[in-house]
Amino acid sequence: MNTANQQKVLLIGADGTLGRAVRAALRERGHEVVTASRTGADVHVDITDPESVRAMYDAVGAVDAVACAAGSVPWRPLGELTVEDVRAGLEGKAVSQIELVRQGAPRLPAHASYTLITGILAREPLLTGSVASLVNGAVEAFVRAAAIELPGRQRINAVSPTVFTESMDVYGDTFAGFDPVPVARAANAYVRSVEGHRTGEIFRVE
């Protein structure tokens, strides 16, 4: 990669399976990657806490791109869901990622980009995954809407992968019949979003 195109990328959730792959892919492309998460990163952040998000942006300073590989949702049967479960899912993966964009928009340069994370449950529902489907769909709707409102030439996209080959031992039979993909394929979608020119896109990896 031409070093003239090197970007400073703020990567949230760099310590997970996806985050580690995204970090490796971006660094291989010559980008400077600043990591942020609750533990073991360059900068501490709890993305469910707006004050923590503000402190993260203050600590990191100007960046060219924000990439998020973090977000959690509860997996429970519909009949056992509580309103707290629904709120936890929305806060953990939707509101938190929206907050990254909301606070980043006035801070980042006109050329900056955001890459958020959703998942296949937005279009392929599974038992016990109703909150995940809700949240992934909400994030994707937000991406399409925010793309026409961001200031300057700022861009926003989402990566929406199926289950990873590397995670099949964790999920067991939950994704029975699904064709898993190597996490590196999802990481390449982040590269496409960061280095490309498209906005309002949902990059499906399946």
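In what order do the 7 strands of the open sheet stand? I looked this up first, in a predicted model where local features need pLDDT of at least 70, side-chain atom pairs count only at pLDDT 80 or more, and totals for chains, interfaces and linings use all residues. Residues are numbered from 1 along each chain as its sequence is written, and side-chain values use heavy atoms, leaving out hydrogens and water.

**Sheet.** I read the order as S3-S2-S1-S4-S5-S6-S7, with parallel pairing. S3 (43-44) and S7 (201-205) are at the edges with a single partner strand each, so one side of each has no neighbour in the sheet. My strands (E, at least two residues) and helices (H or I, at least four) are DSSP runs, numbered from the N terminus; two strands pair if DSSP finds at least two bridges between them. I checked S1 (residues 8-12) and S2 (residues 32-37): they pair over 5 bridges. Leucine 10 sits opposite valine 34 in S2.

**Salt bridges.** I used this rule: a side-chain nitrogen of Lys or Arg within 4 Å of a carboxyl oxygen of Asp or Glu. That gave me 9 salt bridges. One of them joins arginine 107 and aspartate 58, with the closest N and O atoms 2.9 Å apart. Arginine 107 is in the loop between H3 and S5 and aspartate 58 is in helix H2, so the pair ties together parts 49 residues apart in sequence. I also found Glu51, Arg54, Asp58 and Arg107 linked in a network of salt bridges.

**One more pair.** Arginine 102 and glutamate 99 meet in a salt bridge too (2.7 Å, N to O). Both lie in helix H3, 3 residues apart, about one turn.
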